[in-house]
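Subject: Structure handover and findings

Dear colleague,

Please find below the structure that I am handing over to you. The findings follow it, grouped by topic.

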Amino acid sequence: MEGTPDLYPSRVNGQETLSPRLDPVVYGSVQPEVPHSLSSHELDTFERQGFLVMDNYMPEMVAPLKREITRLRDDMAGYEELYTEPDSDELRTIFKPFAYSDLIDRFSRDPRILNKVRQILGSDAYLMQSRVNIKPAFKGKSFPWHSDFETWHVEDGMPRMRAVTVWLMLTDNTEHNGPLYVIPGSHHHYASCEGNTGEKNYQQSLKKQMLGVPKPETMEALLEDNGIASVTGQAGTLVFHDCNLMHGSPDNIANDPRSILMFVYNSVENKPVTPFSGLSPRPHYLSNPDQRPLQAVESLWPLAS
């Protein structure tokens, strides 16, 4: 929508600032009548920390999803949705896998996930983005500190903080194979970053992000009261994290890969407008133009067999 106010300006001047979040973290409430909904304790944890880890929650999905992703790696060779590591030809990311896999499409609408998403967002949701992140053994490179919302706001036009990322560990995520690091509570502040966004910045940033990365001074302020937590767990662990949570990850220095399947759910009441960068919208695999509300799928059988 033209003329939408920019409540979270970033990359617009020579200064970097931290400001209070203007939006709620949890838009809904406890819903004991809804199957697979979050408890009051879980909602409180998510609101306070900005993330929620559900250990070994969906282990039965790991094997069929890994088989499906192996198929996608072969079938999608040469597609623009595939990105490699910044210094090698090792596959780094598969974007929009749900468009090429009935299993992944249906899994994104599993009520064990979708009912919790609707509860957090207080509305129906659509799948704004999806990806498989693959950190190959020894060669998987780091992701610097960043807030996803800062990029989605500036480059995709997401107006408010009303989105949640959900991801499933497809391998064990350990302290050694490049796990996700988060700053608990950082989602309550917005880091407006320096820099100017160039045309097709995503072609660079998806390999090695430079813009939207806060300076050390900003990170020191966020870390002073919150510290760093590593998100580790067994394959099958499900993680929810707020769109504005500051996070990053180190290189994979281990001999085992770290792979996750990620879904970004945006509220249907928070659809993107013209990007606040003033540039053209990013490609369909980064901001999905299909914004119809997702409908839950009760069974993945026989696709998951």
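A salt bridge is taken here as a side-chain nitrogen of Lys or Arg within 4 Å of a carboxyl oxygen of Asp or Glu. Please note that the model is a predicted one.

Salt bridges

By this rule, 18 salt bridges are counted. One of them joins R109 to D105, with 2.7 Å between the closest N and O atoms. R109 counts as buried because its relative accessibility, 16%, falls under the 20% limit. D105, at a relative accessible area of 24%, is partly exposed.

A further salt bridge is found between D156 and R282, where the closest N and O atoms are again 2.7 Å apart. This pair links distant parts of the chain: D156 belongs to helix α5 (residues 148-156), R282 to the segment after β13, and 126 residues separate them. Both D156 and R282 are buried. The two also take part in a network of salt bridges that links R11, E150, E155, D156 and R282.

The side chains of K141 and D87 form another salt bridge, at 3.7 Å from N to O. K141 is located in the loop between β5 and β6 (143-146), and D87 in the loop between β3 (82-84) and β4, so this contact ties together parts that lie 54 residues apart in sequence. K141 is partly exposed, its relative accessible area being 24%. D87, by contrast, is exposed, with a value of 54%.

Helix α2

The buried residues of α2 are V62, P64, L65, E68, I69 and L72. Viewed down the helix axis, they fall within an arc of 160 degrees, so they line one face of α2. The elements against which the buried residues of α2 pack are β4 (91-95), α3 (102-107), β5 (125-135), β7 (163-169) and β13 (258-267).

A four-stranded sheet

Four strands make up an open sheet with antiparallel pairing, in the order β6-β12-β8-β10. Its edge strands, β6 and β10 (229-231), each pair on one side only. On average, neighbouring strands of this sheet are turned by 25 degrees against each other, with direction ignored. In general, strands of a sheet pair through backbone hydrogen bonds, either parallel or antiparallel.

Within this sheet, strand β8 (residues 180-182) and β10 pair in the antiparallel sense over three bridges. Which residue of β10 is the bridge partner of Y181? The partner is S230.

The position of S39

S39 is placed in the loop between β1 (17-20) and α1 (40-49). With a relative accessible area of 32%, S39 is partly exposed. From S39 to R118 the C-alpha to C-alpha distance is 14 Å, and the two residues are 79 apart in sequence.

Yours sincerely

How values were computed:
Residues are numbered from 1 along each chain as its sequence is written. This is a predicted model: local features need pLDDT of at least 70, side-chain atom pairs count only at pLDDT 80 or more; totals for chains, interfaces and linings use all residues. Side-chain values use heavy atoms; hydrogens and water are left out. Buried means under 20% relative accessible area, exposed over 50%, partly exposed in between (1.4 Å probe, protein chains only). Helices (H or I, at least four residues) and strands (E, at least two) are DSSP runs, numbered from the N terminus. The arc is that of the directions from the helix axis to the C-beta atoms. Contact means heavy atoms within 4.5 Å. Two strands pair if DSSP finds at least two bridges between them. Axes are lines fitted to C-alpha atoms, for helices over the stretch in contact, and angles run from 0 to 180 degrees between N-to-C directions.
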